[in-house]
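Subject: Structure handover

Hello,

The structure we talked about is below. My notes on the annotated sites follow.

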Amino acid sequence: MQASIKYIRKELAGVYPKEEIEGFVRLLFQHLKNYQLTDLLMKADEQLSPEETEQIKTIVDRLKQHEPVQYILGETEFFDLPFQVNQHVLIPRPETEELVQWILNQYAGTSPTILDVGTGSGCIPISLKHKLPEANIWACDISEKALETAQANARLNDTEVHFFEMDILHPQLPEAFPALNVLVSNPPYVTESEKEQMHPNVLEFEPSGALFVPDHQPLLFYRALADFAKKHLSQTGSLFWEINEAYGEACIALLKEKGFSNVQLKKDINGKDRMIFATCSTI
Ligand code: GLN
């Protein structure tokens, strides 16, 4: 049997909602055959070659197992830039694009020194460097495999970011590390008990080390980031973090306790407390 667009729709019906299936069809055919939307309408019955059929069948099987389409294709987009993704890095989320935009709103046209902690695919520093070409951008991760992916993404997007390996819970910086204007981070923030509400495509495929914190330490990484920020942010520096919507008030309290000023929460497009900002001093 040769596969066609119709075959995909039929095989995935009942596994995913209709709109999601159309999203897969669009991505798959754009990736495999460079088809645009009109091609999809015209060619729904087109019989694919035996090789293409094999490829499509493998992809459909993986989708049936709930593997994210971004991992299957090995690529995604963030801030209109292409990124390679694999199971060592989280798939960049639209909420994180909002975090990047928040930084850009304040730093457009300037050349800040920025560090992203827990960079994963490198989507934050690479998109920042793309929009702030004069900025001095650093990014670290605890995972060597994630750093390899981030480095590949910096090459793919022709951007210069200084990557290094670091565990924020035991920070050790490269020599001559500069004072920072911005400390950005999207650390793990989903508590273990929130796992129950998560989809199998996240739970079974995305790296758990990038997602979860113990129930009794929901602010584990934010505490470490705050201490790090105290040491390494310049007098006028600021921090921008993505947060768990349930811990907005707790993050505000933490930052105030640590002596930060101008603490502000920001909601994401879904109306959830998703980002927090603070400065070192009152000026
Ligand atoms: N927003 C992500 C999710 O819900 C979690 C990201 C994170 O833990 N930093 O899957």
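In this predicted model, an unreviewed UniProt entry places a "binding site" feature at Asn186, Pro187, Pro188 and Tyr189. I looked at two of these residues in more detail.

Asn186 sits in the loop that runs between strand 6 (180–185) and strand 7 (190–191). Asn186 counts as buried because 27 other C-beta atoms lie within 10 Å, and the threshold for that class is 20 or more. Leaving out residues up to four places away in sequence, Asn186 touches Thr96, Leu99, Gly118, Ile124 and Glu242.

Pro188 is also in the loop between strand 6 and strand 7. Pro188 has 17 other C-beta atoms within 10 Å and is therefore partly exposed; that class lies between the exposed limit of 12 or fewer and the buried limit of 20 or more. With neighbours within four places in sequence set aside, the contacts of Pro188 are Gly209, Ala210, Leu211, Phe212, Val213 and Phe221.

Next, the ligand. The residues around it are Arg93, Glu95, Asn186, Pro187, Pro188, Tyr189, Val190, Val202, Leu211 and Glu242. By class, this shell is made up of six nonpolar, one polar and three charged residues.

UniProt, again in an unreviewed entry, also gives a "binding site" feature at Gly118, Thr119, Gly120, Ser121, Gly122, Asp141 and Asn186. These positions are spread over 69 residues of sequence, yet they cluster in space, with a largest C-alpha distance of 11.6 Å.

From this set I checked Gly118 and Ser121. Gly118 lies in the loop between strand 3 (113–117) and helix 7 (123–131), and Ser121 is found in the loop between strand 3 and helix 7. Gly118 is buried because it has 25 C-beta neighbours inside 10 Å. Ser121 is buried because it has 26 C-beta neighbours inside 10 Å.

- Gly118: Asp141, Ile168, Ser185, Asn186 and Pro187.
- Ser121: Phe83, Val85, Val89, Pro92, Thr149, Ala150 and Asn153.

Regards

Definitions and conventions:
Residues are numbered from 1 along each chain as its sequence is written. This is a predicted model: local features need pLDDT of at least 70, side-chain atom pairs count only at pLDDT 80 or more; totals for chains, interfaces and linings use all residues. UniProt positions are given in the numbering used here, feature names are shortened, and annotations may be inferred rather than shown by experiment. Helices (H or I, at least four residues) and strands (E, at least two) are DSSP runs, numbered from the N terminus. Two residues are in contact if their C-beta atoms, placed from the backbone, lie within 7 Å. A residue is near a molecule or strand if its C-beta atom, placed from the backbone, lies within 6 Å of it. Ala, Val, Leu, Ile, Met, Phe, Trp, Tyr, Cys and Pro count as nonpolar, Asp, Glu, Lys and Arg as charged, and the others, Gly among them, as polar.
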